[in-house]
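This report goes through one structure, site by site. Please keep the sequence and the model in view while reading.

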Amino acid sequence: MATKLKSVGAASAAGVLEAPNPERDRVFDAFRQWGYLEADLDPLGFLPPASHPDLKITGEVAQEARRVYCGTVGVEMMHIADPARRQWIQERMEGPPTAVDQSRILDLLIRGDLFEVVLQQRYLGSKRFSLEGVTSLLPLVDEILDAAAHRGAIELVMGMSHRGRLNVITHVAKRAPEEVFAGFEDVDPRSVLGGGDVKYHMGATGEYLTRSGKKVHIHLVSNPSHLEAVDPVTVGRTRAKQDRAGEGGREKFLPLVVHGDGAFAGQGIFAETLNYADLPGYTVGGTVHVIVNNLLGFTTLSSELHSSRFAAQIARRQSIPIFHVNAEDVDAVVRVGRMALEYRYTFGDDVVIDMIGYRRHGHSEVDDPTVTQPLLYKAIKEHPPLWEIYAEDTGVEDVQSRVAAIKAELEAAQKQAGSITKKPTLRDLPSYWDEFKGGRYQADYEVNTGLSTEELRALGEKLTTYPDGFHIHPKVKKLLEQRAEMALGKRAVDYGMAEALAFGSLAKSGIPVRLSGQDSRRGTFNQRHSVLLDIENEQEYVPLEHVSPDQARCQIYNSTLSEASVLGFEYGYSRDFPEALILWEAQFGDFANVAQAVVDQFISAGEDKWGLLSGVVMLLPHGYEGQGPEHSSARIERYLQLAARDNFQICQPSNAAQYFHLLRRQAMRKWRKPLVVFTPKSMLRHPEASSPIEDFTHRQFLPVIPDSEVQNASRILICTGKIGHELRVERRKRKDTETAIIFLDQMYPFPEKELSAAIEAHSSARDVVWVQEEPANMGALSHVINRIRRLAGDRPVLSVKRSASASPATGSAKAHEVEQSTLMSLAFSRG
Ligand SMILES: Cc1ncc(C[n+]2csc(CCOP(=O)(O)OP(=O)(O)O)c2C)c(N)n1
Ligand SMILES: [Mg+2]
């Protein structure tokens, strides 16, 4: 039978917070520091309290301190440097307990458990990732929402993985249970052929009515299997919603992330996300983290999942509290929830609640846990459901009639589910998505992205000037002088200026711009200089924020040294700010593979799986320049392989004006699709890739740049990026007048019509050759070759490339040059 559990705050004996008493403080401090180790946290006793030498103290004060800090709540707070924060927690731990509504709690526990029981009975053998064993999650979230609403929250942005998700969709997002049950009936499979997602990944929205009668909108974020990948997305989405709201945004939008214990400890993307919690570009004023801790990950024990005693301890890297709580002392869980929430609102920090319970069934109910944890599951089998324990402990009345009523309600919903014929969507999109479209590309989405000469001049001036008395670095001064000449048409415009013109013009027209990446403010290649620094006092001046008095924000942030979490954040941000241009920049394109899960699971597949759109831009420096295996290739092939059904756009603008039009097109069109851009490195300032100012006025982005220098060529080279410019130099060197060089600036969606016209302009050409820098097993080759063959008619289509290779590029600069000149000769030699 259930053990009686002690409650947090039970040591409310008068005098706890009385006048200074050093001896008493010394004893209490030992418990404040180490008490959590002796706390009674595992309802089944498989993680028994540990001991600590500093706690081997007896006497009345020690007894009192032990009651507070070694009960069913263990708090880790002594690593928090700020005494005010520690004091705040102490006062609440040591003060009188706050009131809880036991009748409401009991109802939530019954609902949580019975929901799973009905699923188990009706859909035996389906995966549902039951919440049973940690059903306290429902009263915990109920209390957090009540406290948050008092603090001004209007929306909870929630990220979570599989465990208990269906229960949360029903009881937190408040979707009708029949809609959730319909997922088990798998109604309407034809609507999702080749797409869609499993029911425990879908996002949901709804309205929650709190204990005090306030409404909070719930937004449960769509989530892939990849554990913790949703963390940065949740935080990015929250930040976007907060930014939209302006003042008070941090109070209005509260992020809550529910984690599994195994994933929390093991997945680096969580640690990366926690790392930027306090940084200006990424903060949301604190995220509440709840670990639904069953001391198991699938079949693996916690002793195999982390080196620390608790999974939660990874969070000690930050100066934030961790509250461990026994999931079967529900009143304590609820009080911890309120305390954690108040902490978030008081200090603007993240906070962790580690709620320790158990998992009643196998990992997904279809596997048998008695094979791997026979003793644990023997104990679980004999352990009553939480609502029974709680009902007995609290003496709340009419339990059986409540159970019968709730069960009848759920069973009726289950019956109704059978008659639903259309797959329920479970969510409503915010109105800011109304004007944006996804789906297939349509030519009428195109817009004019050119600017008038006057507009360019005016913008150029704003972008290259700074306040009087600002002590500019001489190198930056020179760069700005050159840029000023570019805007006046006295010098060809390079990529850095083209980008500034794009960002500045968008901001000026009311479209916000946000870019983050490693060293992005200056630019990895010294090309951006978006933030000017006064060299005498390090004051900042951002010309892009001064293009017009009523402009939109243009924010450029240096990111943490992370790819996965930063890209996840920017993707999330783009989901709730479709009007803005949101960009993530990799230091070198290679490093984006650390964020592969975000690309695979959200950016390329989000629309297919969840019908959710994003206009996020990935800037990936790419190009073979002899810098070795890791600074050459942004892995064009990987993105092309993910491309289907116009899910995203993959481009490599071959000159500065093309880059300008591409960025503006992305923001100005109403078609919201992620954009992958392979950006230059050595070509950033190269005259070959710079553009005359006229190209910024009339033109749009050209998916294909035809060759008009050569008339009726006998040989056509098709390429993308830097090598095209090298081929042009080589052609001049050879005084060749027979070879046309066509740039494919958009690789996906494949511009068939434009490429066909560019080829047909040289109708007597005998050979068509794809030329790439990358090895044969990489680059765009396998994506383009058959497509070009279709357009080339009877002509043979050949290819020039490096030999297939396991590593993208050689480590030797000289070997690189030999290879590059071989590519040149092959491109110009007749086969
Ligand atoms: C990145 C990643 N690796 C592996 C898996 C496979 N997987 C799914 S659930 C799970 C165990 C998760 O344990 P925990 O985080 O404690 O959550 P629980 O299921 O116990 O609630 C594993 C390994 C996954 N989904 N994602
Ligand atoms: Mg677990």
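## Basis of the model

The model is predicted; local features need pLDDT of at least 70, side-chain atom pairs count only at pLDDT 80 or more, and totals for chains, interfaces and linings use all residues. Residues are numbered from 1 along each chain as its sequence is written, chains are lettered from A and ligands numbered from 1 in the order in which they are written, and side-chain values use heavy atoms, with hydrogens and water left out.

## The magnesium site

Three residues coordinate the magnesium ion (ligand 2): D261 through OD, N294 through OD1 and L296 through O, at 2.0 to 2.1 Å. Donors here are N, O and S atoms within 2.8 Å of the metal (3.2 Å for Na, K and Ca); water is not among the atoms, so sites may look incomplete. Along the sequence, the spacing of these donor residues is D-x32-N-x1-L.

D261 belongs to helix α10 (residues 261-266) and L296 to strand β7 (residues 296-297), so the pair ties together parts that are 35 residues apart in sequence. Helices (H or I, at least four residues) and strands (E, at least two) are DSSP runs, numbered from the N terminus. Buried means under 20% relative accessible area, exposed over 50%, and partly exposed in between (1.4 Å probe, protein chains only).

## The shell around ligand 1

Ligand 1 is surrounded by 15 residues, and the closest are H162, R163, D261, G262 and L296. A residue is counted as near a molecule or strand if one of its heavy atoms lies within 4 Å of it. D261 and L296, listed here, also coordinate the magnesium ion (ligand 2).

Oxygen atoms of ligand 1 have N or O atoms of the protein close by: one lies 2.8 Å from the side chain of R163, one lies 2.8 Å from a backbone atom of G262, and one lies 3.4 Å from the side chain of H363. Taken alone, ligand 1 exposes 580 Å², of which the protein buries 74%; accessible areas come from the Shrake-Rupley method with a 1.4 Å probe, and for residues only the protein chains shown count as cover. The largest share, three residues, is from α10.

By class, the shell residues are four nonpolar, nine polar and two charged. Ala, Val, Leu, Ile, Met, Phe, Trp, Tyr, Cys and Pro count as nonpolar, Asp, Glu, Lys and Arg as charged, and the others, Gly among them, as polar.

## Two buried polar residues

S130 sits in the loop between α4 (102-122) and α5 (137-150). The residue is buried, with a relative accessible area of 3%. Its side chain and that of E132 are joined by a polar contact of 2.6 Å. A polar contact is a pair of N or O atoms within 3.5 Å; within protein, one must be able to donate a hydrogen and the other to accept it, and residues adjacent in sequence count only if both atoms are side-chain atoms. Neighbours within four places in sequence aside, S130 is in contact with E116, R163, G164, H361 and E365, where contact means heavy atoms within 4.5 Å.

Q820 is part of helix α28 (residues 813-828) and is buried, at 8% relative accessible area. Which side chain makes a polar contact with the side chain of Q820? The partner is E773, at 3.0 Å. Apart from neighbours within four places in sequence, Q820 is in contact with Y624, K722, I723, E726, E773 and R802.

## Backbone features

Most residues other than glycine have a negative phi, and most peptide bonds are trans. The peptide bond from Y748 to P749 is cis, with omega near -15°. P749 lies in the loop between β22 (746-748) and α26 (752-760).

N526 has a positive phi, near 65°. This residue is in the loop between β11 (513-517) and β12 (532-533) and is partly exposed, at 37% relative accessibility. K735 also has a positive phi, near 50°. The loop between α25 (722-734) and β21 (739-744) holds K735, which is exposed, with a relative accessible area of 70%.

A379 lies in helix α14 (residues 374-381) and is partly exposed, at a relative accessible area of 25%. Its C-alpha atom is separated by 57 Å from that of A809, 430 residues away along the chain.
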